[in-house]
Amino acid sequence: MSPTAKHASVTLLWGEDEFLLRERAFELLGELKPTEVDAAEWRGSELQDLATPSLFGEPRALLINDAKSLPKEALAELAAYVAAPDPDAPLVICAQVGDRAKVPVALDKMVKPVGQVLEVKIARKDLEPWLLQRAKREELDVTPPAIHALVETLGEEPGQLVAALRQLGSAFPGERITPQIVAKQFRGLGEQQVWDLCDHAFSKDLPGAIRSWRSIEEGRNEALMVLGGIASRLRDLMKVRALPDRMPPAELARAAGLRFDWQARRYQQQARNYSMGQLIALHERLVDADRAMKSGANADVVMPTLVTAIASG
């Protein structure tokens with residue numbers, strides 16, 4: 001899409017997955033390079049900048065991430081702007097919602113009369129065909145069984161799956177990617193279910209966290225291994241919480257020892273749900289849980305209690 005192509009003045013994108021929301025936002029904006037702001041870092045001047053003509057006539061656009069975290073005063077500013085938006089300066093608002101949640105009502109009512117409201121998601125039945133298309137876009141020779149093995153191994157997180165495809169392309173350049181190569185590359189990375197459990201729990205999605213734990217429990221995974229995964233995530237969040245709140249994702253990833261920018265962005269959002277004192281208190285509870293299970297306590301009691309403590313804050 002060229003910079004002169006027509007865009008909707010205001011678009012609200014909502015869905016469960018941050019990676020898909022950002023991808024769709026940049027697809028809508030085409031070659032436009034937006035000013036990007038996280039809701040928690042709202043300063044109040046972003047909409048003024050959007051409505052002010054550029055000195056050199058460059059097209060302008062604004063992308064707001066994690067819009068559910070916008071403070072009341074920011075929502076009021078947004079409502080005033082959306083009532084009469086600049087038709088030549090696209091505004092894209094991304095609202096990440098919890099598992100099975102609906103579009104944020106206040107944002108929906110605000111945008112729908114003047115713009116477009118779009119749900120962004122990939123149904124489970126469409127995930128593997130979508131991933132196969134991504135592999136072709138990356139010019140990777142990946143077999144459909146390998147795609148299936150990748151999803152079975154790493155789970156259904158689109159951002160992580162795309163990162164895994166790129167990792168396979170770097171590790172096996174020019175080779176045909178088979179299920180055997182997927183197993184070789186990703187064996188020993190830990191259960192994706194533990195990742196999902198941590199995502200739900202530290203995002204304070206208690207129903208989703210409990211469902212994840214039940215799934216892990218049914219799979220007869222070792223509870224101490226799960227506890228180790230939670231401990232690893234908690235340590236990462238403590239590192240992120242100790243860093244400046246407005247540090248760019250790439251810089252944050254390097255400083256915190258994380259592998260991906262999207263991972264840094266997600267951990268930053270999760271860390272904001274807690275004060276450092278609360279994270280330290282959760283770490284103490286985790287140590288107590290570890291000690292209890294090693295002393296013979298029933299994991300069926302200890303783990304749901306710990307998960308509930310994390311997800312309820």
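# A guided tour of the predicted model

Where pLDDT is low, the predicted coordinates should not be read in detail.

Residues are numbered from 1 along each chain as its sequence is written, and side-chain values use heavy atoms, without hydrogens and water.

**Helices α5 and α7**

Select residues 124-137 (α5) and 158-171 (α7); helices are DSSP runs of H or I with at least four residues, numbered from the N terminus. Their axes (lines fitted to C-alpha atoms over the stretch in contact, with angles from 0 to 180 degrees between N-to-C directions) come within 10 Å and cross at roughly 35°. The crossing is right-handed, that is, the near helix is turned clockwise from the far one by less than a right angle. Display L127, W130, L131, R134 and A135 of α5, which meet P158, L161, V162, L165 and R166 of α7. By class, this contact has 8 nonpolar, no polar and 2 charged residues; Ala, Val, Leu, Ile, Met, Phe, Trp, Tyr, Cys and Pro count as nonpolar, Asp, Glu, Lys and Arg as charged, and the others, Gly among them, as polar.

**Aromatic pairs**

The model has 3 aromatic pairs, with rings of Phe, Tyr and Trp (its six-membered ring) pairing if their centres lie within 6.5 Å, and planes over 60 degrees apart counting as edge-to-face. Select W195 and W262: this edge-to-face pair has 6.1 Å centre to centre and 65° between the planes. W195 belongs to α9 (residues 192-202) and W262 to α13 (residues 261-271), 67 residues apart. Both are buried (under 20% relative accessible area; exposed is over 50%, partly exposed in between, with a 1.4 Å probe and protein chains only).

F202 lies in α9 and Y274 in the loop between α13 and α14 (276-294). Both F202 and Y274 are buried.

**Two loop residues**

Finish with E139, in the loop between α5 and α6 (144-154), where phi is near 60°. E139 is exposed at 74% relative accessibility. K204, in the loop between α9 and α10 (206-218), has phi near 60° and is partly exposed at 36%.

How values were computed
Predicted model: local features only at pLDDT ≥ 70, side-chain atom pairs only at ≥ 80, totals over all residues. Contact = heavy atoms within 4.5 Å. Phe/Tyr/Trp six-rings, centres within 6.5 Å; stacked < 30°, edge-to-face > 60°.
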